[in-house]
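This report describes strand pairing and sheet layout. The sequence and the model come before the details.

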Amino acid sequence: IRPRRALIAVGGLANVPRVYDTGDGVLGYEERKHTDWVTSVAFSPDGVLLASGDRNGGLVVWESDTGREFY
């Protein structure tokens with residue numbers, strides 16, 4: 001869950017991290033960069049970035065507001 005914000009990020013078997021609005025449950029965005037199961041997601045302490053990691057060792061950092069790839 002993003003600090004001080006109303007977003008939650010989830011991974012899973014679909015290779016796609018998804019970010020939802022906690023207020024109404026609507027899907028905000030999903031990203032299709034990973035090649036294997038997304039096993040971890042975490043927001044930065046300030047909530048600006050979101051990191052997602054997959055079972056192959058891939059790591060992608062996203063802008064949490066827009067879903068654009070950051071690094």
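## Strand pairing

In strand 2, Asp21 is the bridge partner of Leu7. Residues are numbered from 1 along each chain as its sequence is written. The model is predicted, so local features need pLDDT of at least 70, side-chain atom pairs count only at pLDDT 80 or more, and totals for chains, interfaces and linings use all residues.

Strands (E, at least two residues) are DSSP runs numbered from the N terminus, and two strands pair if DSSP finds at least two bridges between them. Strand 1 and strand 2 (residues 18-21) run antiparallel and are joined by four bridges. They belong to an open sheet of three strands in the order 1-2-3, with antiparallel pairing. Its edge strands, strand 1 (7-10) and strand 3 (27-30), each pair on one side only. On average, neighbouring strands of this sheet are turned by 20° against each other, direction ignored; axes are lines fitted to C-alpha atoms, and angles run from 0 to 180 degrees between N-to-C directions.

Another open sheet of three strands has the order 4-5-6, again with antiparallel pairing. Here the edge strands are strand 4 (38-43) and strand 6 (59-63), each of which pairs on one side only. Neighbouring strands of this sheet are turned by 20° against each other on average, direction ignored. Strand 5 (residues 49-54) pairs with strand 6 in the antiparallel sense over five bridges. Within that arrangement, Trp62 in strand 6 is the bridge partner of Leu50.

| Strand pair | Sense | Bridges |
|---|---|---|
| strand 1 and strand 2 | antiparallel | four bridges |
| strand 5 and strand 6 | antiparallel | five bridges |

Definitions and conventions:
Side-chain values use heavy atoms; hydrogens and water are left out.
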